Amino acid sequence: MAGSSSGPSSDPSLEEFFKEIGHVEPKDAKQVRSEQEIHRLTRPGSSFFNLNPFEVLDVDIDMPMENIRSRYKKLSVVVHPDKNMDNRENAQKAFDAIKKALDMLENEETRKSCIELISDCKEKVNHEMEIERKRLKKLNRPTVLPEDDPSKYKERVRKACIKAFSDAELRKRKADEMWKSEKQRQTEEERLEEEKAKKQKEWNEKWEKGRDTRFGTWQNFKTQGVKTKKKGPLKPPKLKTETR
């Protein structure tokens with residue numbers, strides 16, 4: 001037909017439909033991502049891997065909190081237990097891990113401490129790399145290091161951070177145990193002191209209650225004196241007759 005367009009339809013509703021489905025991940029891809037994130041957050045050793053909240057949420061230390069919260073919301077949907085009914089227990093652990101990480105970063109003091117620790121790790125890695133370059137230079141060898149590759153540098157820093165956060169956690173646990181032990185010792189001392197005071201109070205009360213009795217006994221003694229047993233007249237001893 002003359003005047004008809006040979007191109008695709010320009011129906012706005014149809015264009016919107018294709019736009020929406022173009023951003024929808026296939027169901028299988030979503031499931032794979034959920035499994036990967038849950039495994040990352042619950043794998044063996046995760047109790048130490050998850051000490052770094054930036055690592056848990058997979059964000060950079062200089063990312064604004066607004067973006068971090070957005071990242072948390074997206075990740076919470078991916079690992080939510082209700083979305084992973086076939087792996088609900090681990091999904092719950094993963095969900096708890098990202099929630100704890102967000103709480104840590106929303107605390108300004110805690111976030112600052114974490115950033116300082118990560119920065120120290122980067123400085124340590126950079127210092128070690130510089131020492132290695134100097135050593136290679138003295139040997140007239142190329143000073144190119146594997147960590148010159150950004151991905152390998154990032155992995156080395158990540159491992160250094162895992163160790164640093166783990167050491168900090170172990171020190172904290174040790175300090176908590178020492179504090180708990182000291183608290184128990186103080187509690188036991190207080191209990192013994194209270195028990196001693198209680199016994200002393202009971203003894204004092206018994207002493208006061210027996211005061212009148214003791215006073216009356218003393219008065220009777222002073223009035224009556226010591227009673228002695230009356231003796232009869234002396235009798236001569238009996239003589240034994242001698243037998244021959």
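Analyst: Glu182 has a relative accessibility of 32% and therefore counts as partly exposed, a class lying between buried (under 20% relative accessible area) and exposed (over 50%), computed with a 1.4 Å probe on protein chains only. The model is a predicted one, in which local features need pLDDT of at least 70 and side-chain atom pairs count only at pLDDT 80 or more, whereas totals for chains, interfaces and linings use all residues. Residues are numbered from 1 along each chain as its sequence is written, and side-chain values use heavy atoms, with hydrogens and water left out.

Glu182 meets Arg185 in a salt bridge, at 2.5 Å from N to O; the term requires a side-chain nitrogen of Lys or Arg within 4 Å of a carboxyl oxygen of Asp or Glu. Both residues lie in helix α8, 3 residues apart, about one turn of the helix, where helices are DSSP runs of H or I with at least four residues, numbered from the N terminus. Arg185, itself partly exposed at 39%, also forms a salt bridge with Glu189, again at 2.5 Å. Glu189 sits in α8 as well, 4 residues from Arg185, and is partly exposed at 42%.

Elsewhere in α8, Lys172 and Asp176 are 4 residues apart and form a salt bridge whose closest N and O atoms are 3.2 Å apart. Lys172 is partly exposed at 47%, as is Asp176 at 40%. An α-helix has 3.6 residues a turn, so residues three or four places apart point the same way. Across the whole structure, the search finds 20 salt bridges.

Terms used: Helices (H or I, at least four residues) and strands (E, at least two) are DSSP runs, numbered from the N terminus.
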